[in-house]
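Thanks for coming. I will go through one structure today, and the sequence and coordinates are on the screen for reference.

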Amino acid sequence: MKHLLLSALLLTTVLISAEAMAATVNVTLTAREVDLPIDNAGHTQRMWTYDGTIPGPLIRVTQGDTINFTLKSDSANKESHSIDFHAGRFDVMDEFAPIKPGTTRKFSYKVDYPGVWIYHCGSDSMAEHISRGMYGALIVDPKEGYTKDFPKPDREYVLMQGDLFQNDATAKERTAGLKWEGVLINGKKFHYDPVHDQNAEIMLESKPGERVRIYYLNAMISEWSSFHPIAGIWDRVWDNGNPKNMRYGMQTVSVPPADGIIADIVSPSDRSTANAIVDHDMHHALNGGITILMNSNDADPKKGHGDELILR
Ligand code: CU
Ligand code: CU
């Protein structure tokens, strides 16, 4: 009896502390239609965005948190825009309905599932709104935190892959895959690949032997990605980024349109190496979808931490 009481007391304490730790997080995104550079040479295109960047801001919360969300639409916009959060359960006709330029929508939701989730615009035509850049990433860290099967990484990076079409491509043409120009990695072709683009200045960095965690999201409107680290192996992969969905020692991982995964890579600890992280579909890789990860002792200690998960 004494034991039962004690465990009941313990359970209550655990439940209360889990509840007490759950936070309410205010998130505001503003739909903005802007001209943005779509490559390292600075060529620009009219893009549709959240907060003026591709991808939109990284949102990071913990499982069990409540997101108080506000969507604003810049009054200078020409189109109606909306938000579709994959990380929650809603009414598609309510929270996800489009709003007109100069207006605002607010709603709240609790994040019940851990993982790496896409948010994107769902306004008609979705093909055009997404392929002009209206997408971003939401990381929901598991409430258990790090465990033996979900170890703490040394660095973390977000890579979000989208399409680039010719600026004048209509919604119909985009849907049909016509006037396709290439792949954007975090908003630019060959963003982190000085090997294929002499104008590229940034690479992902780590020290030899570090565990590098990649949050990878495929925002291409109609095409699968074959995600592979050239000269490396995915040590572990978590489908949808959920610690319960673990796979070991993978070479390529298929990532469907509008899905996300977590993939860890650990480089040899006894020498400097480099990896080319690619979508192994050559149509995608050779049109912008290659990222260099440099593993050397000179690695910038800030990269892959804090505000530097998406390198801009
Ligand atoms: Cu939109
Ligand atoms: Cu979606």
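Let me begin at Thr-24, which counts as exposed because it has 11 C-beta neighbours inside 10 Å. For the cut-offs: a residue is buried with 20 or more other C-beta atoms within 10 Å of its own, exposed with 12 or fewer, and partly exposed in between, with C-beta atoms placed from the backbone. Thr-24 lies in strand 1. Helices here are DSSP runs of H or I with at least four residues, strands are runs of E with at least two, and both are numbered from the N terminus. Apart from neighbours within four places in sequence, Thr-24 is in contact with Asp-65, Thr-66 and Asn-68, where contact requires C-beta atoms, placed from the backbone, within 7 Å. From Thr-24 to Ser-296 the separation is 272 residues in sequence and 39 Å in space, C-alpha to C-alpha.

Some housekeeping. This is a predicted model, in which local features need pLDDT of at least 70 and side-chain atom pairs count only at pLDDT 80 or more, while totals for chains, interfaces and linings use all residues. Residues are numbered from 1 along each chain as its sequence is written, and chains are lettered from A and ligands numbered from 1 in the order in which they are written.

Now the overall division. The protein chain splits into domain 1 (24–141) and domain 2 (155–295), with bounds taken from an automatic or database domain assignment. Their C-alpha centres are 21 Å apart. At the interface, 28 residues of domain 1 are in contact with 33 residues of domain 2. On the domain 1 side, the elements giving two or more residues are strand 1 (24–37), strand 2 (44–50), strand 7 (115–120), helix 2 (126–131) and strand 8 (135–141). Strand 7 gives the most, with 5 residues. By type, that side has 17 nonpolar, 8 polar and 3 charged residues. Nonpolar means Ala, Val, Leu, Ile, Met, Phe, Trp, Tyr, Cys and Pro, charged means Asp, Glu, Lys and Arg, and the others, Gly among them, are polar.

Which residues touch the most other members of the largest nonpolar core? They are Ala-137, Leu-138, Ile-214, Tyr-215, Tyr-216 and Ala-263, in a core of 69 residues. Strand 9 (residues 155–165) gives the largest share of this core, 6 residues. Both domain 1 and domain 2 give residues to the core, so it lies between them. A nonpolar core is a set of buried Ala, Val, Leu, Ile, Met, Phe, Trp, Tyr and Cys residues joined through C-beta atoms within 7 Å. Not counting residues up to four places away in sequence, Tyr-216 touches Leu-159, Phe-227, Val-255, Gly-260, Ile-261 and Ala-263.

An open sheet of 6 strands runs in the order 10-9-12-17-14-15, with mixed pairing. Strands pair if DSSP finds at least two bridges between them. At the edges are strand 10 (180–185) and strand 15, each pairing on one side only. Strand 14 (residues 234–239) pairs with strand 15 (residues 246–250) in the antiparallel sense over 4 bridges, and the two form a hairpin with 6 residues between them. In the turn, Asn-240 has a positive phi of about 60 degrees. Strand 14 is also joined to strand 17 (residues 259–266) by 5 bridges, again antiparallel. Val-237 stands opposite Arg-247 in strand 15 and opposite Ala-263 in strand 17.

Strand 13 (residues 225–230) is joined to strand 16 (residues 253–255) by 3 antiparallel bridges, and Phe-227 has Val-253 as its bridge partner. Strand 13 also pairs antiparallel with strand 18 (residues 273–279) over 4 bridges, where Pro-229 stands opposite Ile-277.

Last, the backbone geometry. Most residues other than glycine have a negative phi, and most peptide bonds are trans. Where are the cis bonds here? One joins Ile-54 and Pro-55, with omega about -10 degrees, and another joins Asp-124 and Ser-125, with omega also about -10 degrees. Pro-55 is in the loop between strand 2 and strand 3 (59–62), and Asp-51 lies in that loop too. Phi of Asp-51 is near 65 degrees. Ala-258, in the loop between strand 16 and strand 17, has phi near 70 degrees and is partly exposed, with 18 other C-beta atoms within 10 Å.

How values were computed
Two residues are in contact if their C-beta atoms, placed from the backbone, lie within 7 Å.
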